[in-house]
Amino acid sequence: MLDVTGDPDGIPVVLLPAFGLARSMWHGQQESLVALGYRVVSVDLPGLSEVSEADFSMAGARDAIAADLERSVRRPAHLVGISLGATLAAWVALDHPERVASLVP
């Protein structure tokens, strides 16, 4: 599940939470980034916000994040992650470098 806020033409920043935490953990940072003109995409890791037949493996989470970037962010984004979110951000960057402008682990 995604929460996209801010300027649609702003530089995209994707916020990836730690294991077991929701995208709402980034609320304060999201507000600050939006105020600075960024387009902010906060992500829930697969399985946290909805129960589904999703692939809950690390590879499944990486692929879900890459697909979310493809749908919601049309240009390379800055990926910001903490804990498991940082690991997934690095993995997305390795497998999909064309989707990533920078990493902030």
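Which backbone oxygen lies 3.1 Å from a polar atom of the side chain of R99? I found that it belongs to L69; I take a polar contact as a pair of N or O atoms within 3.5 Å, where within protein one must be able to donate a hydrogen and the other to accept it, and residues adjacent in sequence count only if both atoms are side-chain atoms.

Before going on, I noted that this is a predicted model, with local features needing pLDDT of at least 70 and side-chain atom pairs pLDDT 80 or more, while totals for chains, interfaces and linings use all residues. Residues are numbered from 1 along each chain as its sequence is written, and side-chain values use heavy atoms, leaving out hydrogens and water.

Next I placed R99: it sits in the loop between α3 (84-95) and β5 (100-104). Helices (H or I, at least four residues) and strands (E, at least two) are DSSP runs, numbered from the N terminus. R99 counts as buried because its relative accessibility is 10%, and buried means under 20% relative accessible area with a 1.4 Å probe, protein chains only.

Then I checked its neighbours. Leaving out residues up to four places away in sequence, R99 touches L69, E70, V73, R74, R75, P76 and A77, with contact meaning heavy atoms within 4.5 Å.

Last, I zoomed out. I counted three helices and five strands, running β-β-α-β-α-β-α-β from the N terminus. Of the 105 residues in the chain, 38% are buried.

Terms used
Buried < 20%, exposed > 50% of the residue type's maximum accessible area, 1.4 Å probe, protein only.
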